[in-house]
Amino acid sequence: MEYLNYAQLIIGPAGSGKSTYCKIMQDHAYHNKRIIKVINLDPAAEIFKYKCDLDIRELININDVMNKQKLGPNGALLYCMEYLYDHIEFLDDYFNNNGDNIYYLIDCPGQLELYSHSDIMKKITNYLKKNGFSIVSIFCLDCTFLQEQSKFISGNVLSLATMIQMELPHLTIMTKCDLISKTKLYNQIEDGIETGDLIKELSPMMGKKMSKLNNVLINFVENYSLVQFNTLNLNDEESISAVLYNADNVLQYFESQEPREDIFDNAEKDLMGINEEDRMDEDN
Ligand SMILES: Nc1nc2c(ncn2[C@@H]2O[C@H](COP(=O)(O)OP(=O)(O)OP(=O)(O)O)[C@@H](O)[C@H]2O)c(=O)[nH]1
Ligand SMILES: [Mg+2]
């Protein structure tokens, strides 16, 4: 399938590094002469480190919603996202103005209820998919989830619940890796962790009673191929390139960048003088 545009949907718990991820990727792309536009879909965002190309706050302001509708922060957030869906022309006009073959990062709010309990984000991404977007979810998880196996499994389950609800290709990225020393688990993840190793290490930590549950959870996680993670360290260009490369791959972005075959064919014909002969035939 040929896509018109490409988007990474940046999601994950509050404070997991979503907005910083956008800044890291935007800078990385800039240094590699690639353009990545960033859209803010978090109506409660305050300061941006990245260059924001479109901001939901131009459409709706969460404080106004809280005051006028007498809602708390979570209710107001849901209201804002539903308002965006009802006024989807806000996004449409912007995309149409930009034209095709554009790569976007969409910085989303951190309230996981939006992805796990409500279907509003799915409705928005389904709309984009119908309009020719290739989309990947980038699920950001703080690297502290790598500090022990039990936390790691709970992070997995969190990511998995979102993946199932969003029905999008999904990558889980361990963020803030500049902040931790490389734990054993960290190294295992970089080298490709085995389910068997996880079970072996988790069970003694949690007592016999839990071992059956651990096995079920770990196998469940593996069946969804979630034991694969990317680590992101903002001081390590290689890790940034690797994350972007994986996202590009999932989006099938590279295919759209390959020169079209008819351009090659024409150039070949030009070299052989065939196009010139055709043109002379047409002139006669
Ligand atoms: N050292 C370091 N700090 C980071 C990194 N990513 C994020 N932070 C810090 O973590 C905090 C939260 O980062 P954000 O990027 O705002 O996280 P977020 O997921 O967008 O947060 P919300 O939008 O509030 O859900 C900030 O203080 C960042 O400076 C990182 O890769 N390395
Ligand atoms: Mg943010």
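Which residues of α10 are exposed? In this predicted model, the exposed residues are Lys 212, Leu 213, Val 216, Asn 219 and Asn 223, on the other side of the helix from Asn 214, Ile 218 and Val 221, which are buried. Seen down the axis of α10, the buried residues fall within an arc of 60°, so they line one face of the helix. An α-helix has 3.6 residues a turn, so residues three or four places apart point the same way. Helix α10 itself covers residues 211-223, 13 residues in number. From its first C-alpha to its last, α10 reaches 18 Å, close to the 18 Å expected at 1.5 Å a residue.

In helix α6 (residues 120-130), the buried residues are Met 121, Ile 124, Thr 125 and Leu 128. These fall within an arc of 90° when viewed down the axis of α6, and therefore line one face of the helix. The elements covering the buried residues of α6 include the strands β1 (5-11) and β5 (133-142), together with the helices α3 (73-86), α5 (113-116) and α7 (149-166). After α6 comes Gly 132, which has a positive phi, near 90°.

Ligand 1 is surrounded by 15 residues. The closest of these are Gly 17, Lys 18, Ser 19, Thr 20 and Gly 110. Helix α1 (residues 18-31) gives the most to this shell, contributing 3 residues. By residue class, the shell around ligand 1 consists of 8 polar, 4 charged and 3 nonpolar residues.

Definitions and conventions
Residues are numbered from 1 along each chain as its sequence is written. Chains are lettered from A and ligands numbered from 1 in the order in which they are written. This is a predicted model: local features need pLDDT of at least 70, side-chain atom pairs count only at pLDDT 80 or more; totals for chains, interfaces and linings use all residues. Helices (H or I, at least four residues) and strands (E, at least two) are DSSP runs, numbered from the N terminus. The expected span of a helix is 1.5 Å times one less than its number of residues. A residue is buried if 20 or more other C-beta atoms lie within 10 Å of its own, exposed if 12 or fewer, and partly exposed in between; C-beta atoms are placed from the backbone. The arc is that of the directions from the helix axis to the C-beta atoms. Two residues are in contact if their C-beta atoms, placed from the backbone, lie within 7 Å. A residue is near a molecule or strand if its C-beta atom, placed from the backbone, lies within 6 Å of it. Ala, Val, Leu, Ile, Met, Phe, Trp, Tyr, Cys and Pro count as nonpolar, Asp, Glu, Lys and Arg as charged, and the others, Gly among them, as polar.
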